[in-house]
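Welcome, and please take a moment to turn the model around before reading on. The notes below are meant to be read beside it.

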Amino acid sequence: MVMKNSFHTALLSQKQILLSDLQSFGLCIEQGTDDNMLRLGGAGPTDHRAITVLGSTVMVRIIRSDVKNQIKTPFIARRKSDFENSMMLFKEQEELAPLEFPPAPRFYSKKTEEGIPYWKIARLHSNNVLATTVMQTCIRYGNRKTKCQFCAIGESLKHQTTIARKSPEQLAEVALAAQQLDGVSNVVMTTGTPVTSDRGAAILVECARAIKRATGLPIQVQCEPPDDFMWFRLLKDAGVDSLGMHLEAWDQSVREHIMPGKSEVSVGTYLRAFKKAVEVFGRGEVSTYLLAGLGDTKEGLLLGCRKLVDLGVYPFVVPFVPVGGTQFADCFSPSPAFMRSILEPLAAMLTEAKMTSDSLKAGCAKCAACSTLSLFEQTKRTSLKEKPAVLSCN
């Protein structure tokens with residue numbers, strides 16, 4: 001049994017390395033390959049596609065071979081058969097593994113009575129998560145002095161791939177179709193920040209209630225900490241299972257540099273909000289995004305993660321990915337070595353706290369496709385099983 005587990009751990013380690021490298025360097029799709037699932041602009045994994053390699057589905061930045069001045073990557077996807085979604089992954093000229101793109105979901109072909117395509121209302125993330133930005137505008141986005149420099153929430157409106165505001169009725173209709181036609185397992189709703197003190201919680205309450213009534217699916221919502229923490233209970237009562245409030249970076253000086261408007265909501269405010277939210281949703285069902293590679297040190301991020309885990313908050317650490325149309329479009333993702341130096345000890349923290357991604361109900365950390373953190377968690381759980389029992393002799 002120990003030998004079997006050791007072999008499994010070795011395979012997981014190989015997968016960690018490959019997928020971490022892919023998420024840091026991106027994937028080049030050779031010209032002529034279908035890319036109609038590529039997301040341009042918006043929140044979440046922008047300029048990405050879901051790919052399945054070695055049995056895991058992850059979101060990877062797509063680098064087009066026919067676009068000049070693109071960042072170079074050693075990873076290339078080449079078609080190996082006539083099957084539309086089946087390809088082979090190469091690292092330069094070395095053939096690595098079969099690669100598949102999850103097929104376009106069937107609900108994408110439908111429209112509302114008003115003629116709005118369902119894919120403009122909500123999108124499939126990874127292979128089983130329905131995601132949407134309820135309000136595609138933000139009070140900070142239009143001002144260079146206040147906007148988050150990595151954010152592309154307005155780009156999808158520019159590309160006309162979404163609508164500015166999704167109604168509860170529209171979201172319930174699309175969620176039901178995605179559940180019935182494509183088997184989505186949970187829903188993620190985020191929003192741009194409005195001028196109101198609830199920070200978007202009010203519209204999320206309405207939308208969550210409608211989706212839960214129509215589908216019963218687990219739901220995560222994401223917003224900034226509202227001024228009144230009563231909104232946490234109202235969200236829970238509306239059917240929300242998990243809450244995301246995203247710090248993006250831990251060090252306050254980094255936050256002030258990359259998101260001058262949002263950084264006015266201090267880390268201390270987030271920590272107070274996290275504590276109250278965990279009381280409502282439970283340990284692990286409150287999470288925060290931390291984008292590695294924006295300026296935080298490894299030591300700083302791990303210190304922040306330790307504090308968050310102790311509060312019962314899941315720190316979902318993902319590699320920063322530059323997005324077209326943003327002020328950080330020409331920056332680079334962090335190295336795979338830097339990511340692994342954070343994700344391995346973080347996975348140990350989460351495993352020890354019994355707060356791993358597989359135990360969560362809904363959300364980005366449950367989906368896990370934008371980071372290899374869940375693979376490191378799997379390795380930690382497997383390695384614990386490998387340890388031989390210690391016999392006590394009296």
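**The chain as a whole**

What you see is a predicted model. Its chain of 394 residues has 57% of them buried, and the secondary structure amounts to eleven helices and 13 strands. If we take the contacts between residues at least 6 apart in sequence, 71% of them join residues at least 24 apart. The accessible surface is about 17,400 Å², and carbon and sulfur atoms account for 53% of it.

How confident is the predictor? The mean pLDDT is 87, with 85% of the residues at 70 or more. Please treat the end of the chain with care: residues 388-394 have pLDDT below 50, and this stretch makes zero contacts in the model beyond near neighbours in sequence.

**The second largest pocket**

At least two lining residues come from each of strand E3 (56-64), helix H10 (364-367) and helix H11 (373-386). Helix H11 gives the largest share, with five residues. Sorted by class, the lining holds 13 polar, seven nonpolar and four charged residues.

Which backbone angles deserve a look? Arg199 and Glu248 both have a positive phi although neither is a glycine. The table sets them side by side.

| Residue | Phi | Loop between | Relative accessibility |
|---|---|---|---|
| Glu248 | about 75° | strand E11 (242-244) and helix H6 (252-258) | 9% |

**Gln179 in helix H3**

The last stop is Gln179, which sits in helix H3 (residues 168-182). Its relative accessibility is 24%, so Gln179 counts as partly exposed: that value lies between the limits of 20% and 50%. Leaving aside residues up to four places away in sequence, Gln179 touches Val184, Thr215 and Leu217. How far apart in space are Gln179 and Leu130? Their C-alpha atoms are 8.8 Å apart, while 49 residues separate the two in sequence.

Conventions:
Residues numbered from 1 in each chain as written. Predicted model: local features only at pLDDT ≥ 70, side-chain atom pairs only at ≥ 80, totals over all residues. Heavy atoms only, no water. Helix = DSSP H or I, 4+ residues; strand = E, 2+ residues; numbered from the N terminus. Buried < 20%, exposed > 50% of the residue type's maximum accessible area, 1.4 Å probe, protein only. Contact = heavy atoms within 4.5 Å. Areas by Shrake-Rupley, 256 points an atom, 1.4 Å probe, with all protein chains shown as cover. pLDDT = per-residue confidence, 0-100. Nonpolar A, V, L, I, M, F, W, Y, C, P; charged D, E, K, R; others polar.
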